[in-house]
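Let us take a friendly walk through this structure, moving from how one chain is divided to how two chains meet.

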Amino acid sequence: MVYTSIMYKKTTKTLNIHISLNKIMADKKEKVEENVEEVEKVEGEGGGNALVMIGIVIVALIILVYAYTSITGNAIFGFDGFGSNEVRIGFMGPLTGDAASYGHAIKRGVEMALKDSKLQNVKIIYEDTRCDGEEAVSAINKLINIDKVSAIIGDVCSGATLAVAPIAEQNKVVMISASSTSPEITNAGEYIFRTIPSDTHQGKFGAELVYDLGLRNLSILYGNEEYGVGFEGVLKENFESLGGLVVAEESFERGSTDLRTQLTKIRKARPEAIYIISNSPDSSVAALKQIKQMGIKAKVFGSEGLKGPEIAATKVAENLTITSVSAGTPAFVEQYMREHGLAIQPFAPQAYDSFNALAKAIQNGARTGSEIKLQLDNLKFSGVSGDIEFDSNGDVSGSYQVYRLVNGTFVLADY
Amino acid sequence: MSSLLLQLTLNGLVAGSIYSLVASGFSLIYSTNRFMHFAHGVIVILAGYILFSFYSLIGFSFYYSVLSTLIYSSFIGFLINKTIYSPLQKKKTSSVILLIASISLLILFQNLIQLFFGAGVKDIDYIDIQKGLEFYEATITQLQIITIIISSILCVGLFIFMKKTSLGKEMRAVSNNKELADIVGINSSKVKDLSFFIGSFLAGLAGILISLEQNVSPSMGTNLIIKGFTGAVIGGISSVPASIFGSYIIGLVENLGIAFLPSGFKEAISFFLLFIFLLFRPEGLASLRRRVK
């Protein structure tokens with residue numbers, strides 16, 4: 001009550017103020033003029049404040065530099081000079097952002113390969129691209145023009161790889177991706193290689209897997225980007241040519257976590273199976289949770305992007321079936337566990353092989369991009385992710401494995 | 001078709017409730033401070049991670065964790081204002097600079113969080129994910145019902161607070177005309193602090209609900225603040241009830257829209273709406289009412 005009466009007084013006061021507004025405004029004009037003079041004075045004496053401000057800026061910069069260096073692993077001021085015999089290799093991939101777990105897995109694979117190759121004259125420069133085409137373009141320009149790299153391992157996401165492929169091609173710099181699976185990359189250029197098979201194969205494999213299990217009505221939930229769109233096209237084409245029916249195709253923006261409306265449409269189509277094609281762990285986890293919440297009974301399949309620790313940790317994805325490229329030889333899986341204390345992560349074996357392919361070329365004396373390309377064209381070795389032999393498009397043929405999520409771990413399933 | 005529409009309306013209401021929690025805080029802060037506090041998204045992310053640390057990592061009880069998350073988020077918002085914005089405002093910095101400062105804060109905090117917690121998705125394992133309640137062939141989980149209820153209670157509460165209490169009136173006075181409010185003896189800097197406190201409390205609540213409903217990741221805040229901002233602009237950014245209304249519109253339109261359009265258009269629909277409003281009704285829906293008056 002006390003408050004309201006005070007408030008009442010205040011309101012009447014406001015009214016009075018309104019009435020005498022003109023007078024006040026006239027007074028104010030003078031005041032403002034005084035203020036201007038005062039402000040000018042204060043600004044003259046503002047040395048102390050400016051110093052504080054400079055201090056804050058410096059502290060902020062230090063934090064930013066620290067954040068930058070620790071996230072990307074880059075040295076900002078470290079100019080190491082060009083060793084006479086040094087070969088520089090760039091690394092491009094998401095080290096921040098929602099696909100960062102793939103980027104870090106690939107980085108670990110590359111680091112292991114560098115260590116194992118015992119090459120002294122190779123230096124890797126890491127750039128963070130966040131799976132974003134624009135970031136990737138500035139990263140590759142930096143790598144090519146400033147760091148003068150001869151080859152690049154990356155990018156991770158197909159969209160980013162396709163965005164920079166013409167730049168690598170034009171500058172005759174070899175690009176070798178460990179994880180970009182879009183069918184488009186096959187024809188991206190002569191200098192573009194990859195150690196992971198194209199989704200043309202995985203789409204066919206996935207379609208056959210679903211069809212062979214006796215499931216005829218399939219719905220597809222895919223990320224609206226190069227990877228998702230490419231995979232979805234191949235999957236649909238193959239599934240329908242086998243005689244199945246794709247009853248719903250719904251897409252989502254990378255990273256979005258509210259997929260209920262897409263799933264509502266899928267539920268309405270009453271599919272027997274849902275195939276999730278996603279390379280964003282955020283969206284994958286959300287999709288799996290919401291499928292369960294909405295009571296969709298269909299059997300759930302996923303592309304290799306879903307084979308990550310985050311998915312395994314969710315308790316909602318029991319019996320999720322995943323098609324995946326090779327998870328590496330047992331020896332490599334064990335070495336990965338020993339060196340990083342982590343269960344094997346997607347694309348790490350492919351990354352190991354990517355670097356090894358470059359290392360073999362360098363050991364054979366290749367230094368420039370075109371020399372490395374020539375070596376890669378004729379290279380053949382047995383890697384940790386399978387036999388590596390590039391065809392005329394820089395692609396490898398590959399085999400796939402089927403995993404099922406049981407009690408929070410992915411186990412190899414034989415279908 | 002009707003069951004589909006019912007489900008989509010429910011989806012829209014859930015999305016709208018969460019957007020409105022973000023938007024109401026955002027527009028509360030905008031109305032008293034007159035600049036876009038995009039770092040509001042930071043509070044949402046931080047709330048998710050504080051809850052994750054307290055409940056999942058340290059193992060405090062759930063209600064204690066929620067309570068302290070709310071207190072911490074309110075204080076962080078308050079401190080951001082005290083340490084970053086107020087000194088800038090004292091120098092009469094333009095609102096563009098403040099806007100840039102707030103965006104940099106958002107990026108800075110996102111990266112700091114990633115530094116400490118890693119980029120992966122975190123799961124607050126409090127609610128067992130199971131099939132939601134079903135009525136008329138539409139499903140809704142208990143948490144989603146709670147989200148809608150909490151958000152509506154808060155919106156009504158905020159409305160009453162702004163209209164009836166003296167503090168709320170002071171806030172509206174500052175928002176309406178800061179100089180006049182100063183003249184009648186309202187302590188406008190206190191009101192600004194308070195708006196940050198309440199706004200961040202709401203953002204903290206949104207963060208908690210989101211992290212329970214979906215998951216916690218460093219990038220969760222940006223998307224939400226964009227949607228909250230869109231809702232606020234459509235409703236009318238300087239009026240809290242209007243921006244709540246706008247957020248519900250965004251939630252409903254984007255979810256109902258993709259019943260008829262391919263789902264790839266979901267984000268496009270809300271931004272299309274934002275464009276239309278920026279072009280023809282930059283004052284938002286609130287301006288319509290004012291015009292009628």
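In this predicted model, the centres of domain 2 of chain A and domain 3 of chain A, taken over C-alpha atoms, are separated by 28 Å. These belong to a division of chain A into domain 1 (3-72), domain 2 (87-196 + 329-400) and domain 3 (200-306).

How do domains 2 and 3 of chain A touch? Contact involves 15 residues of domain 2 of chain A and 17 residues of domain 3 of chain A. Between them, domain 2 of chain A and domain 3 of chain A bury about 1,300 Å², with 58% of it on carbon and sulfur atoms. On the domain 2 side, D98(A), Y102(A) and Y400(A) supply 46% of the area buried against domain 3 of chain A, more than any other three residues.

Polar links can be counted here as well. The rule finds 2 residue pairs in polar contact across the interface of domain 2 of chain A and domain 3 of chain A, while the count of salt bridges between these two domains is 0. Helix 4 (100-117) and helix 6 (158-170) of chain A each supply at least two residues of the side of domain 2 of chain A that touches domain 3 of chain A. The largest share of that side, 3 residues, comes from helix 6 of chain A. By class, the residues of the side of domain 2 of chain A that touches domain 3 of chain A divide into 8 nonpolar, 5 polar and 2 charged.

Now for the meeting of the two chains. The size of an interface is often given as the accessible area lost when the parts come together.

I129(B), V184(B) and Q214(B) supply 14% of the area that chain B buries against chain A, more than any other three residues.

How many salt bridges does the rule find across the interface of chain B and chain A? There are 2 salt bridges across this interface. The side chains of K266(B) and D258(A) meet in a salt bridge, at 3.9 Å from N to O. Across the interface of chain B and chain A there are also 17 residue pairs in polar contact.

Chain B itself holds 12 helices and 2 strands. The radius of gyration of chain B is 19 Å, close to the 19 Å that the globule rule gives for 293 residues, so chain B is as compact as a globular protein of that length. Its C-alpha atoms fill a box of roughly 60 × 50 × 35 Å along the principal axes.

Two backbone details in chain A remain. Most residues other than glycine have a negative phi, and most peptide bonds are trans. The peptide bond from G154(A) to D155(A), however, is cis, with omega near -15°, and D155(A) is found in the loop between strand 3 (151-153) and helix 6 of chain A. R270(A) is not a glycine, yet has a positive phi of about 50°; R270(A) lies in the loop between helix 9 (260-268) and strand 8 (273-277) of chain A.

Conventions
Residues are numbered from 1 along each chain as its sequence is written. Chains are lettered from A and ligands numbered from 1 in the order in which they are written. This is a predicted model: local features need pLDDT of at least 70, side-chain atom pairs count only at pLDDT 80 or more; totals for chains, interfaces and linings use all residues. Side-chain values use heavy atoms; hydrogens and water are left out. Domain bounds come from an automatic or database domain assignment. Contact means heavy atoms within 4.5 Å. Buried area is the accessible area (1.4 Å probe) that two parts lose on being put together, summed over both. A salt bridge is a side-chain nitrogen of Lys or Arg within 4 Å of a carboxyl oxygen of Asp or Glu. A polar contact is a pair of N or O atoms within 3.5 Å; within protein, one must be able to donate a hydrogen and the other to accept it, and residues adjacent in sequence count only if both atoms are side-chain atoms. Helices (H or I, at least four residues) and strands (E, at least two) are DSSP runs, numbered from the N terminus. Ala, Val, Leu, Ile, Met, Phe, Trp, Tyr, Cys and Pro count as nonpolar, Asp, Glu, Lys and Arg as charged, and the others, Gly among them, as polar. The radius of gyration is taken over C-alpha atoms; the globule rule is 2.2 Å times the number of residues to the power 0.38.
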